[in-house]
Amino acid sequence: MDKQAILARVDHTLLSPAATWEQIRQLCDEGLRYHTASVCIPAVYVRAAADHLRGRLPVCTVIGFPTGYSLPEIKCAEAARAIADGADEVDMVLHIGGLKAGRDTAVEEEIRRVKEVCGERILKVIAETCLLTEAEKIRACEIVSRAGADYIKTSTGFSTGGATREDVALFRRYAAPQVRVKAAGGIASWQDAADFLALGADRLGTSRLVRLAQAEE
């Protein structure tokens, strides 16, 4: 696959707790230069990034991140504030413990409530696959599909593992056709990216691909 076509699927990401505004601004400028799908940044920088980008590139942020155990009303408030600040896309971590405990209805309702807040804006739901069994991953696909989210996402990048080819293929197999798949965490090469896209991913969460593009210039 053409490298620019790959970059067009990338959420160019910086979520380090040590990230400064100068680093986020540089990330935004890189996203513009390499025509990425979005920049994915901490909520505290959304307003400044939206002002800096002026609609030239979508701004994505994260809520309930990275653990997923914020209360539903807190996740809704985070989403509402992010949107008010200019976020175009929201990546939320579902309640992983609730999923593992079989509280599927509560997990689904939480996602549904956040999606109502997001409205027409894109909502991606992070399932943190490295913490789930195969059966739990399948249930996550079903829950996210019923709740009306736009994407199911593999990983935060802050737990014990990132995206795998097997998980991307599983998500594409069990999520509803209208639910897209985002692979995130550990995408380190053009071949990784091409493989994930071929297996059914629509977005890739990474900063490494832009770094590779820069190194090849």
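This is a predicted model: local features need pLDDT of at least 70, side-chain atom pairs count only at pLDDT 80 or more; totals for chains, interfaces and linings use all residues.
Which residues of α8 are buried? Residues are numbered from 1 along each chain as its sequence is written, and side-chain values use heavy atoms, with hydrogens and water left out.

Start with the barrel. It is closed, has 8 strands and runs β1-β2-β3-β4-β5-β6-β7-β8, with parallel pairing. From one strand to the next, the twist averages 25°. On terms: helices (H or I, at least four residues) and strands (E, at least two) are DSSP runs, numbered from the N terminus. Two strands pair if DSSP finds at least two bridges between them.

Take one pair. Strand β6, residues 151–153, and strand β7, residues 180–184, pair in the parallel sense over 3 bridges. Lys-153 has Lys-182 in β7 as its bridge partner.

Now the helices on the sheet. Helix α4, residues 72–85, packs there and touches β3 (59–63) and β4 (89–93). The direction of α4 makes about 160° with that of β3. Helix α8, residues 165–174, also packs on the sheet, touching β6 and β7. The direction of α8 makes about 165° with that of β7. Axes here are lines fitted to C-alpha atoms, for helices over the stretch in contact, and angles run from 0 to 180 degrees between N-to-C directions. Contact means heavy atoms within 4.5 Å.

Back to the opening question. The buried residues of α8 are Asp-167, Val-168, Ala-169, Leu-170 and Phe-171. They pack against α7 (134–147), β6, β7 and α9 (190–198). Buried means under 20% relative accessible area, exposed over 50%, partly exposed in between (1.4 Å probe, protein chains only).

Look at Asp-167. Its relative accessible area is 7%, so Asp-167 is buried. The Asp-167 side chain makes a polar contact with the side chain of Lys-137, at 2.8 Å. A polar contact is a pair of N or O atoms within 3.5 Å; within protein, one must be able to donate a hydrogen and the other to accept it, and residues adjacent in sequence count only if both atoms are side-chain atoms. Leaving aside neighbours within four places in sequence, Asp-167 is in contact with Thr-129 and Lys-137.

Glu-108 counts as buried because its relative accessibility is 12%. Not counting residues up to four places away in sequence, Glu-108 touches Ile-143, Arg-146 and Ala-147.

Next, aromatics. The whole structure holds 2 aromatic pairs. Trp-21 and Tyr-45 form a tilted one, 6.3 Å centre to centre, with 35° between the planes. Trp-21 is in helix α2 (residues 21–34), and Tyr-45 is in the loop between β2 (38–41) and α3 (46–53), 24 residues apart. Phe-65 and Phe-158 form an edge-to-face pair, at 5.3 Å and 80°. Phe-65 lies in the loop between β3 and α4 and Phe-158 in the loop between β6 and α8, so this pair ties together parts 93 residues apart in sequence. The rule: rings of Phe, Tyr and Trp (its six-membered ring) pair if their centres lie within 6.5 Å; planes under 30 degrees apart count as stacked, over 60 as edge-to-face and the rest as tilted.

Last, charges over rings. Arg-165 lies over the face of Phe-196, at 5.4 Å from the ring centre. Lys-124 lies over the face of Tyr-151, at 5.8 Å. This requires NZ of Lys or CZ of Arg within 6 Å of the ring centre and within 35 degrees of the ring normal.
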